[in-house]
Amino acid sequence: MAPIVTASAAAISEAADLIRAGALVAFPTETVYGLGADATNGDAVARIYAAKGRPSHNPLIAHVASWEMVHRLGVLDGPLATLAKAVWPGPLTVVVPKVPGGPVSDAATAGLGTVAIRWPSRPVAQALIRAAGVPIVAPSANRSGYVSAIQPADVVADLGDSVAMVLDDGASVDVGVESTIVIAHAAGDQPAAIEILRPGAITADQIRRATGCAVISSARVDDVAPTSPGQLESHYAPRALVCLNVTAPEPTDVWLSFAVMPGTATGARAAAELPLSPRGDLDEAAGRLFALLRHADTLIREWPAGTATRIAVAPIPETGIGIAINDRLRRAAAPRPDAS
Ligand code: TXA
Ligand code: MG
């Protein structure tokens, strides 16, 4: 099993050596845990796809910790540069044209002419990138398609021996859902529009205010191969079935409640109630989302058969980071590829 190591200066330096030697290191970011590898090393990048069971046509995000590194990888200008200056370091990923002959391995960008770049804010993530001296590609540190990892134990449970080291900074989750991913579209002399490919903590309103651009929300990146038009691909999915917008849970539901005091109202009827946020705080709910989905899955698996059979989730307001929460939940509830 991969060792979970307290992120001291010595441990970060050892982790950076492992990255430079082509191994995989898991590290916390302000969004979720990342599974890191040297972005410039095609063999190391291939190890990420193998460890996650991730399809090779789904590209990775290159994580950086300086403007100099940003500009070595991608052509960042115009409104996306303005936005990046306002947000970075922070939970934003920009998809921009690759610098020709740039250092990121083609394996990491799935052969596209663009590269996804993110400058994370969590100190341990920045320290690791600086110590490694190379951009680090890092998908969420979970098996492909499963619930994202937000704590060291999730990483070990999902990825076991394929990770050389799991860094632990002892801090609790910050944002809890993955970064907002954006791309800019310019049409002739029309002002650029910015498209949100994946919603996150940085909202359409913030992007509009920072850039003055029109913002389109397509949330299309996790649909790498949708089975039919308009159908969401299953992603972020626990093993148990997920049912959304449940205000009156069944006795065999594990209920992820929102804005209700535990044990009161309809919640008393569920097999278990796991509150996303009793006080109805969307930031708190985002921070708990993936941990509670994993916890619900464990309860359903470990209880005597039939005690609980389904994860039911209360309605979440479609505003602010609630948009990102609902995006992840819809994908978690989407039909599974292996379901008959
Ligand atoms: O918050 C985050 O972004 C986390 C932490 C670890 O930084 N990382 C993360 O990575 O969520 P991952 O691999 O789970 O999701 C990356 C997404 C995928 O949906 C991928 O399709 C999209 O980014 N992506 C990467 N490169 C792209 C590109 N050139 N064009 C469009 N989408 C891209
Ligand atoms: Mg992911």
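Predicted model: local features only at pLDDT ≥ 70, side-chain atom pairs only at ≥ 80, totals over all residues.
Entry 1. I searched the whole structure for salt bridges and found 16. I then went through some of them by residue.

Entry 2. I looked up Glu178 and found that Glu178 forms a salt bridge with Arg328, with 3.0 Å between the closest N and O atoms. I checked where the two partners sit in the chain. Glu178 is in the loop between β8 (165-168) and β9 (180-185), while Arg328 belongs to helix α9 (residues 322-332). The two are 150 residues apart, and the pair links distant parts of the chain. I noted that both Glu178 and Arg328 are buried.

Entry 3. I stayed with helix α9 and looked up Arg331 and Asp327. Their side chains meet in a salt bridge, at 2.9 Å from N to O. About one helical turn separates them, because they are 4 residues apart in helix α9. Arg331 has 2% relative accessibility, so I put Arg331 down as buried. Asp327 has a relative accessible area of 4% and is buried.

Entry 4. I moved to helix α8 (residues 282-302) and looked up Arg288 and Glu284. Arg288 forms a salt bridge with Glu284, and the closest N and O atoms are 3.1 Å apart. These residues are 4 apart in the helix, which means about one helical turn between them.

Methods:
Residues numbered from 1 in each chain as written. Chains lettered and ligands numbered in written order. Heavy atoms only, no water. Salt bridge = Lys/Arg side-chain N within 4 Å of Asp/Glu carboxyl O. Buried < 20%, exposed > 50% of the residue type's maximum accessible area, 1.4 Å probe, protein only.
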